[in-house]
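Subject: Structure handover

Hello,

Please find the structure below, with the sequence. My notes on it follow.

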Amino acid sequence: MRFIFWLRYMVKTAAFRSYRGLFYVFMRLIRYCQSIVNGKEEDFRKRPGGLAFSQSGTNQPDSQPAPPVSLAVPLLEAPPQSLPSRGSQPQTDIQNLQVPTPGISELDVTTPDQTFDITLIPITPLEINRYGRNVRVKDEYEAFLVEKGPLDCSEELAPVAGWEPLTQPEGAMIFYQPYKRVFTDVDVRDLQIRVKINKAIEKAYHEARNASIPLEPFVELGLELIVKDGEEMWGYYFVDHEKRVIFWFEDHRSHALMSRIRGVERKSHIKYALESQYWRHIELFPNRRFLPEDIVMELKELVMYAQADSITSQTSIVHFTSDEIASILNLVDLLGKSANKNCEHSVWIAARIMKHLCETKFVNFYGQPGARLDVEKSLYGKSDAPKNELSRAINAMIGRWQESKAFHKVWVDGRIVHARWEQYMDKLNSDWNGYTIFSTVMVAVDVSFLAVQSVQTQDEVIILLYTSTFSAMCSLLITLSLVTQVNEQLRGSNTAVVSYLSRMAAGSVLDSESFPFMLSLPFGFLLLGVSCFIGALLSAILGIFTFPANIIIYLVLMEMGILVCWLLRSTSVTFVWDLLWYLLCMWYRNTSRFIVYLWNRIIERVSPTVTTPLEV
C-alpha cells in the first residue's frame with residue numbers, strides 16, 4: 001500500500017502538466033488496483049467518473065453541455081463519409097452532441113450545371129396532409145406469431161439509408177434525415193420514393209444557394225409529396241429557428257398562410273402568421289428537440305396574461321375559454337420540469353399552445369395601428385346591424401332582433417369567437433328545448449279549442465285556430481331539424497363551422513343575416529301561432545257578447561297593448577319600437593273612431609231624444 005501511495009505521488013508530480021491525458025488514465029488504473037486490494041471494487045464502479053482528484057487544485061469537474069437556445073435539433077459532430085445502410089445503428093448520439101458541424105452548403109454536392117426532374121412548390125406546414133392520408137390497414141384477423149426470447153424491433157426501427165424513423169407523440173410515423181436536417185411524413189422505406197426525395201432535397205438546397213439565401217447550420221427543411229391530377233410535386237419549406245419563421249427560396253403568395261384575413265399590408269404583421277406556421281412545424285415534428293427554458297418562461301407569461309385578461313374583461317380577445325386557460329396554465333407549470341431536456345411530448349405541448357397564441361395575434365392585427373382590442377369590434381368598420389331593409393323588416397316581424405345581435409357577438413369579420421361559441425351553442429340548445437315544449441302545448445290547446453261546440457259555427461275562429469295549429473307544428477318541425485342537423489354542423493372544429501356559415505351566407509340574399517334568420521324561425525312560427533290563437537279567442541268572445549260588453553273588452557285590450565309596448569320599448573331596439581309605436585297609434589286612432597261610432601249607435605237606440613256627444 002505504501003509503495004502504491006509513493007508511486008502515485010511521483011507520477012502525479014512529474015506528469016501532471018505535460019502528460020495530463022496519460023496521467024488521467026494511469027491514475028484511474030491505480031485507483032482501480034487500490035479498490036481491488038481493499039475489496040471495494042463495486043464502490044469504484046458506482047463512483048461518478050470512476051476517478052476524481054482528491055486535491056482541490058486538481059479537481060476538474062466534467063464540462064456540462066450548454067443549455068439549448070432554440071428548438072432546433074442538435075447538430076451532429078461531422079457529416080459522414082457515407083450514409084449508413086439499412087439495418088445499421090447510428091454511431092453518434094445526436095441528442096447530447098452540441099458541437100457545431102460545417103454549414104449546410106458543404107453537404108450540397110450539386111454542381112451549378114446540374115438539372116433536376118423534380119418539381120418543387122412552396123407550401124406551409126398547414127398543407128401537410130398528415131390527418132387526411134388514406135393508408136389502409138390489412139382487414140384480416142390473424143394472431144401474430146411472437147418469436148421466442150425478448151422482442152427485438154431494432155431491425156424495423158433502424159435507419160434506412162440515413163433516414164431515421166421516429167414516432168410523433170400523436171402516433172404518426174415520421175422520418176428525419178440528420179445529415180441534411182430534413183423532416184417528412186413520406187414513407188422513405190420505398191426505394192423509388194427515397195430516390196425522389198433525395199433529389200428534392202438536393203434541388204431545394206441548390207435553388208436556395210442560387211437565390212443567395214444564407215442557410216444557417218440549424219436550418220431545417222420540410223418536404224411533402226403532393227399528387228394533383230396524376231402529377232407528382234414536392235412541397236417544401238425551410239425553417240429558421242433563430243427568427244421562428246418558415247421561408248422559401250422564391251417569392252410566394254400563400255392562401256393557407258393568410259387564413260382568409262383581409263387587409264394584411266406589413267411585414268411586421270405577416271410575421272405572426274409565419275411564426276404560427278413555425279410552431280405548427282414543431283408540433284408536427286417534435287422529436288429530437290430540447291425544450292429551452294426561455295420558451296417555457298415566455299409561454300408561461302403569455303398564458304398568465306391571457307388568464308388575467310379573460311378574468312378582468314368581458315370583451316377579451318383571448319382565444320381560449322377561462323376553463324381552458326386554467327388547464328393550460330397547469331400544464332405550463334409542469335413544463336418547467338422538462339426545460340433543457342429532450343422531452344418530445346413537452347415540446348409538442350408547448351408548440352401546440354404557442355401556435356394558437358400566434359394565430360390570435362395575427363387575426364387581431366397585433367402591433368398594428370388598427371389592432372383589435374375588443375373581441376366584438378370589426379376591423380373593417382362594419383356594423384352588426386342588418387344592412388338591407390329586408391333583414392330589418394324580417395327581424396321586426398318575427399321579433400328576434402336580439403337573435404341577430406347575439407349572433408354578431410360570436411361571428412366577427414367572418415370568424416367565430418371561440419371563447420364564446422360554446423356558451424352561445426348551449427344557449428341555442430336551451431332555447432330550442434323551450435320551443436319544442438311550447439309548440440307541443442300550443443298544438444294541444446288549439447285542438448282542444450276546436451272541440452268546443454260553440455266554436456264550430458264560427459268560420460273565422462276555425463280558420464285562425466287551424467292557422468295557429470299549423471304554425472305550432474312548423475315551429476316544432478324546424479326545431480327538431482335544427483337540433484338534429486344544424487347542431488351537429490356547429491359543434492365541429494372552428495374551420496368546419498366557419499366554412500358552413502360562410503357557405504350559408506354566400507348563397508343567401510340576407511348575407512350574414514341568413515343564419516340568425518334561420519335560428520329565429522322556430523320563435524317566429526311559435527309567435528304566429530300564439531297570435532292566431534289570441535285572435536281566435538277574441539273573435540269567439542266578441543261574437544258572444546253585446547256592444548256594451550265589447551266596448552269594455554276593447555278598453556281592456558287597449559290598456560294591455562299600451563303596457564306591452566312600454567315593455568318592448570324598454571327591452572328592444574329603436575327600430576322595433578318605432579314600428580310598434582306606429583302600428584299602435586294607427587290601431588288607437590281606428591279604435592277610437594269605432595268606439596265613438598258604437599257610442600252614437602247605442603245612444604240612438606236607447607233614447608233618440610238624448611243629446612249625443614257630437615251635438616254638444
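In which hand of crossing does α9 pass α10? The crossing of α9 past α10 is left-handed. Please keep in mind throughout that this is a predicted model.

Some background on the chain comes next. The chain has 616 residues, of which 40% count as buried. It holds 18 helices and 9 strands.

Helix pairs

Two packed helices are described by the angle between their axes and the distance between the axes. Helix α9 covers residues 322-335 and helix α10 covers residues 344-363; their axes come within 11 Å and cross at roughly 140°. An angle over 145 degrees would count as roughly antiparallel; α9 and α10 are therefore oblique to each other. On the α9 side the contact involves Ile328, Leu331 and Leu335, and these meet Ser346, Ile349, Ala350 and Ile353 of α10. By class, the residues of this contact are 6 nonpolar, 1 polar and no charged.

The second pair is α15 (residues 494-506) and α16 (residues 514-542), which pack with their axes 9 Å apart and at an angle of about 95°. Angles of 65 to 115 degrees count as roughly perpendicular, and α15 and α16 are therefore roughly perpendicular to each other. Tyr500, Leu501, Met504 and Ala505 form the α15 side of the contact, while Ser514, Phe515 and Met518 form the α16 side. The contact of α15 with α16 divides into 6 nonpolar residues, 1 polar and no charged.

In soluble globular proteins, nonpolar side chains tend to be buried together. Here the largest nonpolar core has 72 residues, and the members that touch the most other members are Leu221, Leu223, Trp234, Phe238, Trp279 and Leu299. Helix α10 supplies the largest share of this core, 9 residues. Another core, of 22 residues, lies apart from it and includes Trp411, Tyr435, Val486 and Leu519.

Which residues does Trp234 contact, leaving aside its neighbours within four places in sequence? They are Ile118, Thr119, Leu120, Ile121, Val186, Ile193, Lys196, Ile197, Ala200, Leu223, Glu224 and Leu225. Leu223 was also named above among the core members that touch the most others.

A residue in α13

Leu428 is found in helix α13, which spans residues 418-450. Is Leu428 buried or exposed? Its relative accessible area is 2%, so Leu428 is buried. Not counting residues up to four places away in sequence, Leu428 touches Glu403 and Leu519; Leu519 is one of the residues of the 22-residue core. From Leu428 to Asn487 the C-alpha to C-alpha separation is 9.1 Å, although the two are 59 residues apart in sequence.

Positive phi angles

Two loop residues are worth a look. Asp229 is not a glycine, yet has a positive phi of about 55°. Asp229 sits in the loop between β5 (220-228) and β6 (231-240), and counts as exposed because its relative accessibility is 84%. Ser259 is likewise a residue other than glycine with a positive phi, near 55°. Ser259 belongs to the loop between α6 (255-258) and α7 (267-284). With a relative accessible area of 32%, Ser259 is partly exposed.

Regards

Key. Residues are numbered from 1 along each chain as its sequence is written. This is a predicted model: local features need pLDDT of at least 70, side-chain atom pairs count only at pLDDT 80 or more; totals for chains, interfaces and linings use all residues. Side-chain values use heavy atoms; hydrogens and water are left out. Axes are lines fitted to C-alpha atoms, for helices over the stretch in contact, and angles run from 0 to 180 degrees between N-to-C directions. Helices (H or I, at least four residues) and strands (E, at least two) are DSSP runs, numbered from the N terminus. Angles under 35 degrees count as roughly parallel, over 145 as roughly antiparallel, 65 to 115 as roughly perpendicular and the rest as oblique. A crossing is left-handed if the near helix is turned anticlockwise from the far one by less than a right angle, and right-handed if clockwise. Contact means heavy atoms within 4.5 Å. Ala, Val, Leu, Ile, Met, Phe, Trp, Tyr, Cys and Pro count as nonpolar, Asp, Glu, Lys and Arg as charged, and the others, Gly among them, as polar. Buried means under 20% relative accessible area, exposed over 50%, partly exposed in between (1.4 Å probe, protein chains only). A nonpolar core is a set of buried Ala, Val, Leu, Ile, Met, Phe, Trp, Tyr and Cys residues joined through side-chain atoms within 4.5 Å.
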